[in-house]
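Thanks, everyone. Have the sequence and the structure open, and I will walk you through them.

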Amino acid sequence: SPIAIFGLGHMGLPTAALLAKSGLKVVGVDINKETVEMVNSGQSPIMEPGLEAMVKKAVENGCLSATTDTLSAVGAVNVIMIIVPTPVDDDKKSDLSAVISASKSISAGLKKDDLVIIESTVPPGTCENLVIPLLEKSGLKAGADFKVAYTPERALPNNTLYEMTHNARVIGGVDSESTQMAVSLYHRITEGEIIMVQDLVTAEMVKLMENTYRDTNIALANELALVCDTLGVDAIEAIQAANHHPRVNIHTPGPGVGGHCLSIDPYFLVEIARERGLETPLIQASRKVNEDMPGEVVRIIQKALEGEGKTISGSKIGVLGAAYKGNVADARETPAKPLIEELISKNADVLVNDPYVSPEIIRSWGAQIVGLETALESDVVVLVTDHDLYRNIKPEMIKNRLLVCTRPILDRETFQKEGVIFKGVGRS
Ligand code: SAJ
């Protein structure tokens with residue numbers, strides 16, 4: 001049966017393309033006209049390996065189309081997916097407005113026996129307490145008249161198509177028939193194991209547990225790195241040695257945690273627990289540790305410059321990378337932003353190089369955009385994002401011999417041997 005997918009973003013568009021590739025007719029629904037036009041002309045608005053080719057083919061085959069017209073889309077299908085963004089607002093409370101507006105649009109055209117699948121990351125309980133009541137405004141009853149399932153998306157940006165088709169998937173439904181229907185649908189696109197859980201709320205909780213696990217572990221790595229710093233211990237060497245223990249897997253310290261997932265999802269747990277009278281000190285402390293990392297990097301830069309008789313104020317600082325992680329164009333919640341803004345507020349001349357992130361975004365932080373060579377001529381070079389192309393940087397390319405490498409992609413010894421002063425998170 002044909003499918004409508006609400007949200008043609010980082011997760012919605014690859015899902016739409018994969019379902020279309022499996023032979024289903026898919027209509028993507030998005031509020032952004034530009035996105036809809038791009039998809040209809042066979043282009044991908046998102047940088048993701050392999051995606052554009054897949055979109056192009058699906059559109060040419062007539063299996064994939066896009067529209068802003070929600071009602072006609074819902075009317076023409078029997079399966080509707082919600083894959084829209086769920087950010088947090090300034091108070092770190094979940095902003096479910098996109099889920100709400102999609103649910104309302106679906107409700108307006110919902111038919112008997114339709115299946116609604118939610119993939120957006122949400123505070124546990126959202127399907128039961130918010131989405132279903134909105135869908136039931138159609139006059140139909142969840143379970144009896146229409147089906148509802150929740151399945152979190154777990155694919156890793158930059159490896160999305162592979163992970164969507166190979167990762168294990170967790171599915172929970174409002175009743176077992178809902179779960180079963182969703183399972184058979186996802187079997188069309190994934191070779192990965194499909195794990196059925198009891199209900200909607202369990203599936204919602206699984207997703208938040210995964211991303212909170214990762215955020216908390218990265219926070220631990222970052223805090224340990226800062227302790228290493230005070231001792232003159234190289235954190236990367238120490239972590240690699242510790243990870244030889246069979247039950248230890250310390251994550252990688254860095255300039256902070258970015259992206260639309262890890263830096264947001266833990267707050268959904270904090271919020272939902274608090275509503276039930278429970279505080280979550282560990283999760284909250286981890287968020288704070290990770291959010292403080294850009295400030296820690298500024299301190300490391302300051303010390304490095306002081307060693308050269310310079311200050312942040314008046315120095316040229318070359319920043320390599322603005323994206324939240326390597327080889328992506330995504331700058332959402334990137335630690336590069338607060339880092340760059342703090343350097344600018346301290347009167348540094350910040351020169352940013354990033355071949356992927358859109359120049360407008362970088363300029364909106366007040367920074368200048370430069371080529372790699374120019375960035376490497378700065379008073380200090382600060383590597384922020386682990387883009388693969390930065391792995392080719394050689395010691396002699398660092399003109400002023402001062403490098404703050406916040407990611408372990410360059411070999412410390414090689415640089416030091418060539419006279420480069422090599423600093424980093426936990427490597428000072
Ligand atoms: N990072 C570190 N140290 C590490 C690992 C990551 O500093 O040891 C940083 C990265 O540089 C980046 C951030 O953390 O700034 C997050 O990067 P990531 O690659 O770990 O994860 P995301 O946000 O791109 O994708 C995550 C994934 N979740 C998990 O691995 C548990 C992905 O599977 C989810 O689908 C995605 O969130 C999501 O959509 O929720």
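One definition before we start: helices are DSSP runs of H or I with at least four residues, numbered from the N terminus. With that in hand, look just after H1, where Gly23 takes a positive phi of about 105 degrees. Keep in mind that this is a predicted model.

Stay with H1. It covers residues 12-21. How many of the residues of H1 are buried? The count is 10 of the 10, so H1 is largely enclosed by the rest of the structure. The list runs Gly12, Leu13, Pro14, Thr15, Ala16, Ala17, Leu18, Leu19, Ala20 and Lys21. Note that Lys21 is among the buried ones. What covers them? The cover includes strands E1, E2, E3 (64-67) and E4, plus helices H3 (51-60) and H7 (160-166).

Now the strands around that helix. E1, H1 and E2 make a β-α-β unit, and the unit is right-handed. E1 is residues 3-6, and E2 is residues 26-29. The two pair in the parallel sense, over 4 bridges. For a landmark, find Ala4, which stands opposite Val27 in E2. E1 also runs parallel to E4, again with 4 bridges joining them. Here the landmark is Ile3, opposite Val79 in E4.

What about the faces of E1? In a regular strand the side chains alternate between the two faces of the sheet. In E1, both faces are covered. Ile3 and Ile5 are buried on one side, Ala4 and Phe6 on the other.

Next, follow the chain out of E4. E4 is residues 79-82, and a loop leads from there to helix H5 (97-109). Pro87 sits in that loop.

Cys261 brings us to the ligand. The ligand is surrounded by 20 residues. The closest are His251, Thr252, Gly254, Gly259 and Cys261. By class, the shell has 8 nonpolar, 7 polar and 5 charged residues. Which domains supply the shell? Both domain 1 and domain 2 do, with at least three residues from each.

So, the domains. The domain assignment gives domain 1 as 3-198 and domain 2 as 214-423. Their C-alpha centres lie 34 Å apart. In contact across the boundary are 13 residues of domain 1 and 12 residues of domain 2. On the domain 1 side, the touching residues split into 7 nonpolar, 4 polar and 2 charged.

Last stop, an open sheet of 6 strands. The order is E11-E10-E9-E12-E13-E14, and the pairing is parallel. Which strands stand at the edges? They are E11 (368-369) and E14 (421-423). Each has a single partner strand, so one side of each is left without a neighbour in the sheet. For E11, look at its pairing with E10, residues 349-353, which is parallel over 2 bridges. Val352 has Ile369 as its bridge partner in E11.

That is the tour. Questions, please.

Key
Residues numbered from 1 in each chain as written. Predicted model: local features only at pLDDT ≥ 70, side-chain atom pairs only at ≥ 80, totals over all residues. Buried ≥ 20, exposed ≤ 12 C-beta atoms within 10 Å, placed from the backbone. Pairing = 2+ DSSP bridges. Right-handed = clockwise from strand over helix to strand, strands pointing away. Near = placed C-beta within 6 Å. Nonpolar A, V, L, I, M, F, W, Y, C, P; charged D, E, K, R; others polar. Domains from an automatic or database assignment. Contact = placed C-beta atoms within 7 Å.
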